[in-house]
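Dear colleague,

Please find below the structure that I am handing over to you, together with its sequence. My notes on it come after the model.

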Amino acid sequence: MFRLDNKVAVITGAGSGIGEQIAVLFAQQGAHVVVADRDETNGRRVVERIGAQALFLPMDVTVSRSVKTGLEQIFERFGQLDILVNNAGVGFVGSVEETPEEEFAHLMGVNVAGVFHGCKHAAPLMLRQGKGNIINIASVAGLVGIPRRFAYCATKGAVIAMTRQMAVDYAKKGLRVNAIAPGTVETPFVESYLQRFHAGEIEQTRAQLHARQPIGRMGRPEEIALMALYLAADESEFVTGSVLVIDGGWTAA
Ligand SMILES: NC(=O)c1ccc[n+]([C@@H]2O[C@H](COP(=O)([O-])OP(=O)(O)OC[C@H]3O[C@@H](n4cnc5c(N)ncnc54)[C@H](O)[C@@H]3O)[C@@H](O)[C@H]2O)c1
């Protein structure tokens with residue numbers, strides 16, 4: 001298994017779901033992990049779950065200064081910042097007509113500006129040390145149109161475009177930038193939109209969410225974490241600007 005001994009990894013949105021599993025796995029593989037989340041209760045729960053190799057960093061990715069200050073603190077404390085996983089993300093169910101301006105702005109703020117802020121403030125620190133590794137959690141929503149996911153698809157398409165663009169700028173400077181595009185993954189994210197948008201038809205909708213992957217089930221956060229581990233490890237040094245799809249066959253169908 002790929003090792004991350006003595007690497008320092010900041011994972012945004014690591015208080016839940018995919019980010020939590022990435023933090024757990026990276027720590028198991030030897031990294032110091034920084035659980036960066038705006039949700040302090042869950043962030044601290046994850047730190048407790050991991051133990052001494054983890055610390056909590058309060059961060060709201062929509063606020064540039066919060067991200068800058070947080071990343072600089074980590075760099076000062078450890079003298080290095082090896083890996084940034086831009087994982088924090090939010091969703092909304094609706095066609096373009098059904099999407100209120102404020103929801104669109106909210107998703108753009110977290111999913112797009114959040115990734116921008118992470119990369120903008122990690123890049124100078126990583127360039128100072130001559131190497132760095134950025135992993136952006138996109139979605140199949142950035143690759144194909146999903147019914148009634150207008151704002152979500154827009155933001156994840158932007159994540160993929162930002163990933164490719166930055167990979168080109170930094171390829172010769174020691175920084176790698178890649179994205180992961182998961183299909184539906186069983187996390188509190190899915191549970192919360194089932195409650196919010198499909199109350200009264202939760203089980204039926206959950207069955208549809210399993211079925212939209214040709215493999216017949218949703219993914220597990222642990223499966224996405226293993227792909228992130230590969231990208232984080234030195235063994236993947238030839239990989240940059242890539243969008244690794246993990247979707248049970250969704251986009252192949
Ligand atoms: N679950 C899925 O089906 C799925 C599929 C594809 C991609 N993704 C993406 O994976 C990522 C993680 O999703 P998840 O399912 O684990 O979600 P989740 O809701 O379980 O966890 C998201 C975490 O992000 C944090 N967060 C939200 N806004 C934040 C902000 N402004 N600043 C800091 N932290 C913030 C939340 O507090 C939470 O801890 C997201 O980018 C999501 O779009 C999820």
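This is a predicted model: local features need pLDDT of at least 70, side-chain atom pairs count only at pLDDT 80 or more; totals for chains, interfaces and linings use all residues.

Residues are numbered from 1 along each chain as its sequence is written, and side-chain values use heavy atoms, with hydrogens and water left out.

The largest nonpolar core has 45 residues. A nonpolar core here is a set of buried Ala, Val, Leu, Ile, Met, Phe, Trp, Tyr and Cys residues joined through side-chain atoms within 4.5 Å; buried means under 20% relative accessible area, exposed over 50%, and partly exposed in between (1.4 Å probe, protein chains only). Val-10, Met-59, Leu-71, Ile-74, Leu-81, Leu-84 and Met-126 touch the most other members. At least two residues each come from elements including strand E1 (8-12), helix H3 (64-78) and helix H4 (101-129), and H4 gives the largest share, 9 residues. Helices (H or I, at least four residues) and strands (E, at least two) are DSSP runs, numbered from the N terminus. Apart from this core lies another, of 32 residues, among them Leu-4, Val-47, Ala-54 and Val-239.

Asn-136 belongs to strand E5 (residues 132-137) and counts as buried because its relative accessibility is 0%. Its side chain makes a polar contact of 3.0 Å with that of Thr-163 (a pair of N or O atoms within 3.5 Å; within protein, one must be able to donate a hydrogen and the other to accept it, and residues adjacent in sequence count only if both atoms are side-chain atoms).

In helix H6 (residues 188-197), Val-190, Tyr-193 and Leu-194 are buried. They lie on the same side of H6 because they cover an arc of only 110° around the axis, taken from the directions from the helix axis to the C-beta atoms. The buried residues of H6 pack against helix H7 (202-211), with contact meaning heavy atoms within 4.5 Å.

The largest pocket is lined by 48 residues, and Gly-89, Val-90, Gly-91, Thr-187 and Phe-189 lie nearest its centre. On a 1 Å grid over the protein atoms alone, a pocket is an open set of points where a 1.4 Å probe fits, with protein on both sides within 12 Å along at least five of seven lines; lining residues have an atom within 4 Å of a point. H6 supplies the largest share of the lining, 7 residues.

Yours sincerely
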